[in-house]
Amino acid sequence: MPETVLDSIVAGVLEDLAPRREAVPEARLQELIAQAPAPRDAYAALRDGRSDPAGIHVIAEVKRRSPSKGALAEITEPAALAASYADGGAGAISVLTEQRRFGGSLADLDAVRAAVARPVLRKDFTVTEYQILEARAHGADLVLLIVASLDDARLRGFRELAESLGMHALVEAHTSEEIARGVDSGARILGVNVRNLKTLDVDPDRYAALAGDLPEDVVRVAESGVESEAQVRQYAAAGADAILVGEALVRHGAPADALRAFRAASLTVR
């Protein structure tokens with residue numbers, strides 16, 4: 001079977017992980033975790049976005065480039081960008097730390113963590129327990145678990161590990177089957193990515209098509225495809241509590257203003 005884009009990314013993640021594990025053994029991560037400030041409650045920050053008087057919650061992303069679009073923004077000061085997101089009312093800040101395809105790093109995560117009081121998502125392709133420990137050691141409050149890249153045992157085990165460290169997991173699905181697997185894993189924050197990570201194709205209508213499969217008691221997150229206020233209204237009308245937005249914000253000259261406009265747009269469909 002031909003290798004998918006997701007397979008290729010995960011292979012690179014594992015290759016890049018090896019020297020980090022050698023430089024910072026797991027025992028050292030445990031020491032750093034013990035010294036780290038308590039994690040912030042990402043679940044509390046993102047729930048009830050369907051009724052928040054200020055509008056839908058936004059997980060605003062620090063994202064330099066992507067496999068589908070290439071370079072998006074230089075972002076010489078990720079801390080300043082994150083601060084502007086917080087000023088605009090972001091419920092949480094997402095930081096890409098994958099380096100080969102997205103140009104991210106743990107240094108970006110450190111900079112953002114030091115700059116904002118909002119919950120921070122370490123956005124990467126999590127395929128080992130080490131990465132979850134690494135995320136907490138660097139101050140993350142939330143980790144991404146992609147259903148398509150994990151079997152059921154690792155999906156549940158990784159979520160439980162994250163929660164044992166005081167974090168939450170954003171469990172990401174793309175199909176009805178993956179949503180069911182996410183629910184079975186005990187996910188409390190469940191996202192539908194309208195971008196197929198195996199092909200990088202985007203279908204903004206996918207969230208509405210799958211929204212009925214999302215339980216009422218989870219935080220519902222619509223991921224990708226946000227380019228306009230109209231798209232935000234579409235996701236809000238389909239019942240999303242939160243949207244994850246990267247490209248539209250990093251390319252905007254005034255990201256805080258754009259973020260406020262997205263939140264306000266969601267109010268028009270209530």
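A pocket here is an open set of points on a 1 Å grid over the protein atoms alone, where a 1.4 Å probe fits and protein lies on both sides within 12 Å along at least five of seven lines.

The model is predicted, and local features need pLDDT of at least 70, side-chain atom pairs count only at pLDDT 80 or more, and totals for chains, interfaces and linings use all residues. Residues are numbered from 1 along each chain as its sequence is written, and side-chain values use heavy atoms, with hydrogens and water left out.

The largest pocket has 30 lining residues, each with an atom within 4 Å of a point. E61, K63, K123, R195 and S224 lie nearest the centre. Strand 6 (142-146), strand 10 (242-245) and helix 11 (247-250) each give the lining at least two residues. Helices (H or I, at least four residues) and strands (E, at least two) are DSSP runs, numbered from the N terminus. The lining holds 14 nonpolar, six polar and 10 charged residues. Nonpolar covers Ala, Val, Leu, Ile, Met, Phe, Trp, Tyr, Cys and Pro; charged covers Asp, Glu, Lys and Arg; polar covers the others, Gly among them.

Now the helices. Two packed helices are described by the angle between their axes and the distance between the axes. Axes are lines fitted to C-alpha atoms, for helices over the stretch in contact, and angles run from 0 to 180 degrees between N-to-C directions.

Take helix 6 (residues 129-137) with helix 1 (residues 5-23): their axes come within 11 Å and cross at roughly 60 degrees. Helix 1 and helix 6 are therefore oblique to each other; angles under 35 degrees count as roughly parallel, over 145 as roughly antiparallel, 65 to 115 as roughly perpendicular and the rest as oblique. The crossing is left-handed, meaning that the near helix is turned anticlockwise from the far one by less than a right angle, while clockwise is right-handed. V13, L17, R20 and R21 of helix 1 make the contact with Y130, Q131 and E134 of helix 6. Contact means heavy atoms within 4.5 Å. Three of these residues are nonpolar, one is polar and three are charged.

Helix 6 also packs with helix 7 (residues 152-164), at an angle of about 20 degrees with axes 10 Å apart. The two are therefore roughly parallel. Their crossing is right-handed. E129, I132 and L133 of helix 6 meet F158, L161 and A162 of helix 7. That contact has five nonpolar residues, no polar ones and one charged.

Helix 4 (residues 78-87) and helix 12 (residues 255-267) form another pair, with axes that come within 8 Å and cross at roughly 35 degrees. This crossing is right-handed. L81, S84, Y85 and D87 of helix 4 touch P255, A256, L259 and R260 of helix 12. Five of these residues are nonpolar, one is polar and two are charged.

Finish in the loops. D48 is not a glycine, yet its phi is positive, near 60 degrees. D48 lies between helix 3 (42-46) and strand 1 (57-62). L200, also not a glycine, has a positive phi of about 75 degrees. L200 sits in the loop between strand 8 (189-193) and helix 9 (206-210).
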